[in-house]
Amino acid sequence: MDPNSGIEPLLLLAKSARGAGCREAISAPDVHVFGELLDLPQILELQGGPHETYLELLKIFAFGTYPDFRANESSLPRIEEEPLRKLKLLTIVTIANRLKEVPYSILQDSLKTETVRELEDLIIEGIYRGLIGAKLDQKQQLLNVEWTFGRDVMSTDLDPMISLIGSWHQNCKETLNTLRKEMSRATSAKIKSIEEKRTHDEKVKELETKVRQAVESEIKSRD
């Protein structure tokens, strides 16, 4: 399932009905990335206007988590249960992106789920929607994460990400250089071993020839 297959109709709606575009985006079950909406001039114009709270709500769905919503709930538009559930799924993605083994306790604290069954139902829905790839370890009460869907990224996060990628690239270069040196050493060692074996074989053959000649000479001298 494509987690963002429903974005195109919402882009068209947002160009004509700004607030409605935000409301539909947070409710749509097939939209989980909101960057294209937030880049629309019609949406940006909500800033400072009577519908600014819808823009702030959309930003929480794009970049934030369920705890962020709860912390600002009094200043945001009221939303129904389905959008809240969707925000909880996005929160699971954020947490799973940071930890590869996520204790149920961390998820339950962030999502305010009352039972383990409720939490596991949310996780299974996230897997079904294509938001995460993971396995439930019910015995250890862990979510073992394999991969996560990429959420929107704030512009302030780009520099640290670029720095991280740069460090990763440098580490790859250093590792590659080390491998090349090791391969070169291994090749040299192999060539040396082959050469030593060839020299040894030649000496053995030379010794065999000398022994055979000595034996033949001894036999002839007796005759």
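A residue counts as buried when its relative accessible area is under 20%, and as exposed when that value is over 50%, with partly exposed residues in between. By this cut-off cysteine 22, at 2% relative accessibility, is buried, whereas cysteine 172, at 33%, is partly exposed. The structure discussed here is a predicted model, and a search through the whole of it finds zero disulfides. For reference, a disulfide is a covalent bond between the sulfur atoms of two cysteines.

Helix H1, which spans residues 7-16, has Ile7, Leu10, Leu11 and Ala14 as its buried residues. Around the helix axis these cover an arc of only 105 degrees, and they therefore lie on the same side of H1. The face turned away from that buried side carries the exposed residues Pro9, Leu12 and Ser16. As a general point, an α-helix has 3.6 residues a turn, so residues three or four places apart point the same way.

Glutamate 36 belongs to helix H3, residues 35-38, and is partly exposed, with a relative accessible area of 44%.

Threonine 53 is found in helix H5, residues 52-63, where its relative accessibility of 31% makes it partly exposed. Apart from neighbours within four places in sequence, threonine 53 is in contact with Ser75, Leu76 and Pro77. Its C-alpha atom is separated by 32 Å from that of threonine 115, a residue 62 places away along the chain.

Threonine 91, by contrast, lies in helix H7 and is buried, with a relative accessible area of 1%. If residues up to four places away in sequence are not counted, threonine 91 touches Thr65, Tyr66, Pro67, Ser110, Leu111 and Arg151. Ser110 and Leu111, among these partners, are also among the buried residues of helix H8.

In helix H8, residues 104-111, the buried residues are Tyr104, Leu107, Gln108, Ser110 and Leu111. They cover an arc of only 165 degrees around the axis, so they are found on the same side of H8. The elements that cover these buried residues include helix H6 (66-72), H7, strand S1 (101-103), H9, strand S2 (132-137) and strand S3 (142-148).

## Packing against helix H9

Helix H9, residues 116-128, packs with H7, residues 81-98, and also with H8. The geometry of the two pairs is set out below.

| Helix pair | Angle | Distance between axes |
|---|---|---|
| H7 and H9 | about 80 degrees | 10 Å |
| H8 and H9 | about 90 degrees | 11 Å |

Angles of 65 to 115 degrees count as roughly perpendicular, and H7 and H9 are therefore roughly perpendicular to each other. In this contact Arg85, Lys88, Leu89 and Ile92 of H7 meet Glu118, Asp121, Leu122, Ile123, Glu125 and Gly126 of H9. By class, the residues of the contact of H7 with H9 divide into four nonpolar, one polar and five charged.

For the second pair, H8 and H9 pack at an angle of about 90 degrees, which makes H8 roughly perpendicular to H9. Here Tyr104, Leu107, Gln108 and Leu111 of H8 meet Val116, Leu119, Glu120, Leu122 and Ile123 of H9. The contact of H8 with H9 has seven nonpolar residues, one polar and one charged. Leu122 and Ile123 take part in the contact with H7 and also in the contact with H8.

Most residues other than glycine have a negative phi. Against this background, lysine 112, which comes just after H8, takes a positive phi of about 60 degrees. Lysine 112 is located in the loop between H8 and H9 and, at 42% relative accessibility, counts as partly exposed. Glutamine 141 likewise has a phi near 60 degrees, a positive value in a residue other than glycine. Its place is in the loop between S2 and S3, and glutamine 141 is partly exposed, with a relative accessible area of 31%.

Terms used
Residues are numbered from 1 along each chain as its sequence is written. This is a predicted model: local features need pLDDT of at least 70, side-chain atom pairs count only at pLDDT 80 or more; totals for chains, interfaces and linings use all residues. Side-chain values use heavy atoms; hydrogens and water are left out. Axes are lines fitted to C-alpha atoms, for helices over the stretch in contact, and angles run from 0 to 180 degrees between N-to-C directions. Helices (H or I, at least four residues) and strands (E, at least two) are DSSP runs, numbered from the N terminus. Angles under 35 degrees count as roughly parallel, over 145 as roughly antiparallel, 65 to 115 as roughly perpendicular and the rest as oblique. Contact means heavy atoms within 4.5 Å. Ala, Val, Leu, Ile, Met, Phe, Trp, Tyr, Cys and Pro count as nonpolar, Asp, Glu, Lys and Arg as charged, and the others, Gly among them, as polar. Buried means under 20% relative accessible area, exposed over 50%, partly exposed in between (1.4 Å probe, protein chains only). The arc is that of the directions from the helix axis to the C-beta atoms. A disulfide is a pair of cysteine sulfur atoms within 2.5 Å.
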